[in-house]
Amino acid sequence: MKLLAVSINHHSAPVELREALYLGIEDIKNLATEAKGKLFSEGLVLCTCNRTEFYGIPVDKNISYFDVQNFVIEKKSTHKINPEHFQSFMSREAVKHLFRVITGIDSLLIGDNQIFKQVKDSFLVSEEMGFSGFLMKRIFDAATIVGKRSITETEIGEGAVTVSYAAVQLIEKILSTLNKKSALVIGAGETGEIAAKHLQDRGIGTLAITNRTIEKAEKLAQSLKSKIIPFSNFKEHLHEYDIVISATSAPDLILTKEDVKKSMKKRNSASLVLMDIAIPRDMDPETKNLDYVFYHDIDSLNIIVEQNLSKRKSEIPKVEKIIEEELDNFFNWYNSLQAAPTIKNLRDYFEAVRAEEVGKNKNKFSTDDQEKLEIVTKRIINKILHHPTIELRKSAESGDNSPESATRLGILRELFGIDNHKPDEEKK
Amino acid sequence: MINFIDFLNILLPFFYVVTFGIYSYDFMKGKKELANSKRLFLFITLLFHATYLITRTIYFGHPPITNVFEIFTVLAFAVSFSYFVLELVTDIRGTGPFIIIISILFQVVSSLEIEHIITVKEVLKSNLLGVHVFSALVGYSGITISAVYGFLYLMLYKEIKLNQFGLIFDRLPSLEILEKLSFSSAIIGFVLLTIAIIIGIIWLPQAFPDFSYADPKLIGTSIVWILYGIGILSKLLGKWRGKKVVILSIVGFIIAILSTMLTNFLSLSFHSFY
């Protein structure tokens, strides 16, 4: 199979270039329309934060991945792209690359669990644009199997690998029933926003935001439908919260040990989780010495992140084994799309159906008629298969193994369920 | 039948050890595929244990509660059975090895030392004794489980405080859940121990001529009861929480075990029957 794959990703290109090549949904649609017919008979355009990739079955034998690279360079001529920024794959390696991408082992964040959905969405766009044909659909189906198997059979996507998610994981090891708990996020910047979103995703009971600039707090609170506490007096409300996440850019401490001590008194020593994900730190690290105060800063959260990342890395060989297995399955299927074996399989299939029905019903005929029944039914089958056999032989004689021929054979096999039906001798 | 009873008696420690092995392996490796098979294995172990207790009761004509080693095997069963129910109800699976090991200890001692006693003292044939011993045993298994969860709470508390995110951190449920499990088990243990004590106070002076309020087991149980009472009340009133309550639960358990061992092995009490 001549599948071509061209990729610009975090392995091959700097972040500025990846940013410049980021494609919105309309860009993808336009590029797919242009590439269809010019480069590929069918294909897929995939774009995420860290990669822009083109997959496709070339329209003719002369198209190589250099043509695809040139196509991209032409489209983004304003940026200094050169061939070294590309990773290019062909045939089995191209399918393998897609499998590696969908499992997340090729991602910047190993085991990234968003990539599966991103590949799926890209395929849907491709389908919508009429850019995805029979072969791409089969490749996508195989990739989906690989993605699902890697999720269920390995731990490649387990554990938090970002600081804000690690904070939530740690909170869940201290408190349960988050829907009955309250959280205060100090700082409405990007980090605070991510942490607040994670908490909301986990169903936190009450969420409040405080920020030195009230407008920013209001904006975030509005999008998260949470409460706002004025920054000037948030310490007076500290005891009302079970979780406090701080992510401000304040140069000095905004929460001292004394503040926390006072709040713990009011809380009657109910557990308090303090997550200081700011640099420099917002809370006095000494608070960790107070009973039932669980203080953690970015360093301790990084320990969790590093541990989870190394666990994920140790799962890569298992994922690679799944990839190899599914590559073999896929190419076994693809290699069966040859004319000669298909003719034989098709005839075997029809003969099996004929023999089964004759066998079931021959007792309804006299001994003389049974012989005639055999002859007549065989003749019917031969007549039905005559034309398809001639057409398939033409393919076989011309040695034509083009994508069109493979598609035709694939559809034929699918139509008659030949791959599901194995003759008795094969079963043995 | 006696051979069958003897066979099960030898087999039970092995069953508990294998079950413990599967739970521990699952705890270490965190394999999803063992999640259901370990539960099935615990169920089979409990089934064999129940068969053992029933056949023993039928053959010897009395429930196996007349001496300390019979009580140990019932306790081993009660602890694992309570855990099994707890696992089914809460679906918290990471704590099994810590509970099952208690059953192993009780069952191994019982299997090694248990004897065939057909004739029992007249006093031990009372129905009230059955209720007294049953409630005491379930009460003890309650405080045992409470102590185990208390111990796990302390371990996880320490790991989180010291930023050590190892196996304990990965596999155990949250601190809040461990505290709840420890507290609920303590309440069940306390209520049943109260029933056992009330029946004991009413019935024992009539049944035993040498009954004494200075009996070490009575004193031990009373201390345990008072400790748990203080702990539960303080927690309910919101005065104590977390570490304090679980430490009290662990101390209560240790005193309960010590008082049982002292009274039964030193034969200082009318409470010793063996």
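Trainee: How many residues of chain B are in contact with chain A?

Mentor: The model is predicted, so local features need pLDDT of at least 70 and side-chain atom pairs pLDDT 80 or more, whereas totals for chains, interfaces and linings use all residues. Residues are numbered from 1 along each chain as its sequence is written, and chains are lettered from A in the order in which they are written. Two residues are in contact if their C-beta atoms, placed from the backbone, lie within 7 Å. Here 12 residues of chain B are in contact with 16 residues of chain A. Helix 7 (175-207) of chain B and helix 5 (127-161) of chain B each supply at least two residues of that side of chain B, and helix 7 of chain B gives the most, with three.

Trainee: At what angle do helix 6 and helix 11 of chain A pack?

Mentor: Angles run from 0 to 180 degrees between N-to-C directions, along axes fitted to C-alpha atoms over the stretch in contact. Helix 6 (residues 134-153) and helix 11 (residues 298-335) of chain A pack at about 150 degrees, their axes 10 Å apart. This makes the two helices of chain A roughly antiparallel (angles over 145 degrees). Among the residues making the contact are A:I145 of helix 6 and A:F330 of helix 11.

Trainee: Is strand 9 of chain A buried or exposed?

Mentor: A residue is buried if 20 or more other C-beta atoms lie within 10 Å of its own, and exposed if 12 or fewer do. Five of the five residues of strand 9 (residues 272-276) of chain A are buried, so this strand is largely enclosed by the rest of the structure. Strand 8 (residues 243-246) of chain A runs parallel to strand 9 of chain A, joined by four bridges.

Notes:
Parallel < 35°, antiparallel > 145°, perpendicular 65-115°, else oblique. Pairing = 2+ DSSP bridges.
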